[in-house]
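Please read it alongside the sequence and the coordinates.

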Amino acid sequence: MSAAIKTHSLSRQLIGGVLLAELLCAALFSAVAIGHEMHGRRRAFDVMLRGRADSLLGAVQDAEDPEDNVTVDPTELVLPAQDLYEVLSPSGRVLGHSPASSAELLAALSASRAPGTFNFRVGRERYRAVRFEGVRVIDREENGGYRRPVTVLYAAPTRGLWHGAVEAVWFYIAASALLLAVTGIALVWFLRRRLSPLQELAAIAGRVSTRSWEFVPPAAVLRTTELAPIALSMEELLKGLQLAFERQRRLTGDAAHELKTSIAVLKSSLQLLSMSPRTTQQYKAGLEGLLLDSERMEELVSRMLTLARLEEAAVEQSESCDLPSVVREVAQRLRPLAELKEVTLEISVTEACAVAMHTDDAELLCSNLIVNALQHSAANGRVSVVVQERGGIKGVVELRVADRGDGIPASALPHVFERFFRADRSRSRASGGAGLGLSICKAIVERSGGTIHIESAVGTGTEVTVTLPALPTSA
Amino acid sequence: MRVLVVEDEVRLANNIAEALRERCGFAVDCAEDGTDGAAMTEFKHYDLLLLDLMLPGLDGLSIVRQVRRRKDMTPILILTARDQPAQVVELLNAGADDYLTKPFDLGELLARAKALIRRGKGAPQPELTVGRISLNTVEQTVRCAGELIDLSPTEYRLLEYLIFRPRAIVSARELLEHLYDYNWQHHSNVIEAHVSNLRKKLRAVGEETTIATLRGRGYRLEAPEQQL
């Protein structure tokens, strides 16, 4: 849908993460192995160095010169050609050195003064060297021998050491790399397989639209602990959404139906009137009918707009009215209608009691309920309107409007607050209703935080109960 | 011709009925809800059913299905305020013949009603002829060799009903059922009186086509053999 959002794949991330961890492990393992190998080899190297140095010490001989000096005779020794050595007298005089070595190398070798092993580097070649003070006894056979202290410096290139160590652990490194590749492939396969319910879920969710609401999570998804709650809550959500969507669509359709029917009445009345020449009397009657039709349409539109207004705006703080006085006023206004229908209108209200409702809305609510009750009452019937605090509970006001009319069938009762619903359509049409009266009442009551309830039995009558939170008396 | 209008909006139903009576000369009955409407279709008195789709009791679509299940061939015209294609398709597939969306033009409604009745009786053209007589259903006039015959509305309706089925025997009862609505007091001898007047008027213009009375069986529009 939007290319701007950078997506990242969960499975790719998982595989990447696991492989990276494996790679780190393998690298660490190889490093440790190489380190261990190097340590062992270095120790062996040191022993070898010392051994060679010792054998060099053995090569120190009497120089057979007048100063009774000693010299090094390496002719009997078999030492690798790339090794370098130096034998120094205590005074620092060079008694002998490896013959093939350059002066630069020998200078680097003799730079160290401390005994023991040390490393140095000449050019690109690395060396490990040992320096120790030794005593050579010369001419032991003659007069117990002369003790000649000398300093032996011996070095060998370490080039082979590193290569040897790497070669020794090479197998482990190769095995790790192979393991890495195998687990990588296995992981891709495994994750693909294991994540397939997630993909299925995504595919099914993707198919849901306002035209097709079908969302049945597959069994594989429901069996997955992590996915089941998501799938179930999605299913629940979509069902609710579908209901709301369909209700909205039905509502719009119903509103259009009512309006179109009203227009159809007007249009057909006009066309009928103009179809053939009429007498003045007929025109007059026709115009009167048209006036009634347009008044009914006006009523319908105004009711639809009232309902839209009530549902859109939230109740304002300043809105308040005195319910008992509104009921008295409305009853006063409707008395002529009651008399016309020969119905007794009984009013029983408490003292002043304010509710969070605009006076106009309260009047609309009361008149809708009372007119409904009057219209459903037979001659000599009785309609009672009661306003009281509910069951002695302060802060709750109850408005009850009851008639002893024909009642509402049980099958229609759950739908009476639905818009455009008419239990008896032909009759309500005759009385001018569009099935919006009770919907408007419900909207008014709910906007003020109250509830509306209807009870009815065919033949006994209907009672509407409105419960509203009372405002604290400002007096 | 007799038409049934099933429409819960009484004002609309009355307007339609008035227009059908005034402009087409049809007998019209009205029903306000689907249940009554469905019951009235069972008499098979009607030459056209005009149904609203959204009705209390039983909706228009259910009535269409009921009528067609009985193998009733009566043409059905549906009035609807909703015109989603899916709904129209469902209606036509259920057996409705035509539909009009509200708000409709009254003139169009009348034209469609007449066309459906003609089609239902196997005559697509608006002018019907028998012998030298030609009857124009649009103008509601009858001519004999081009010369206008002055008929009363009832005589015209009688001839119109019979001319769709020349040479067939139509009972007096059927004529009563199809030419008068429920508000009319039924007297079978009224038919005989109108038939007799019609016969006289045809004879007056020298037309050989006549309406024969077959005692106990009914009436028959008869034209000279060679002219039929």
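The points below concern a predicted model and are grouped by topic.

**Helix α1 of chain B**
- Helix α1 of chain B covers residues 10–24, and its end C-alpha atoms are 20 Å apart. This agrees with the 21 Å that its 15 residues should span at 1.5 Å a residue.
- The buried residues in α1(B) are B:L12, B:A13, B:N15, B:I16, B:A17, B:A19, B:L20 and B:C24.
- These buried residues pack against elements of both chains: α7 (228–275) of chain A, and β1 (2–6), β2 (27–31), β3 (48–52), β4 (76–80) and α5 (106–120) of chain B.

**Aromatic pairs**
- Over all chains there are 6 aromatic pairs.
- One of them is the stacked pair A:Y85 and A:Y154, with 6.0 Å centre to centre and 5 degrees between the planes.
- That pair links distant parts of the chain, since A:Y85 is in strand β3 (residues 84–88) and A:Y154 in strand β7 (residues 146–157) of chain A, 69 residues apart.
- A:Y85 is buried at a relative accessible area of 4%, and A:Y154 is buried at 0%.
- A:F118 and A:F120 form a tilted pair, because their planes are at 35 degrees; the ring centres are 6.1 Å apart.
- A:F118 is buried at 14% relative accessible area, and A:F120 is buried at 11%.
- One aromatic cluster is formed by A:F29, A:F171 and A:Y172.

**Charges over rings**
- In chain A, the charged end of A:R50 sits over the ring of A:F132, 4.1 Å from its centre.
- In chain B, B:R157 lies over the face of B:Y180, 5.7 Å from the ring centre.

Methods. Residues are numbered from 1 along each chain as its sequence is written. Chains are lettered from A and ligands numbered from 1 in the order in which they are written. This is a predicted model: local features need pLDDT of at least 70, side-chain atom pairs count only at pLDDT 80 or more; totals for chains, interfaces and linings use all residues. Side-chain values use heavy atoms; hydrogens and water are left out. Helices (H or I, at least four residues) and strands (E, at least two) are DSSP runs, numbered from the N terminus. The expected span of a helix is 1.5 Å times one less than its number of residues. Buried means under 20% relative accessible area, exposed over 50%, partly exposed in between (1.4 Å probe, protein chains only). Contact means heavy atoms within 4.5 Å. Rings of Phe, Tyr and Trp (its six-membered ring) pair if their centres lie within 6.5 Å; planes under 30 degrees apart count as stacked, over 60 as edge-to-face and the rest as tilted. A charge sits over a ring if NZ of Lys or CZ of Arg is within 6 Å of the ring centre and within 35 degrees of the ring normal.
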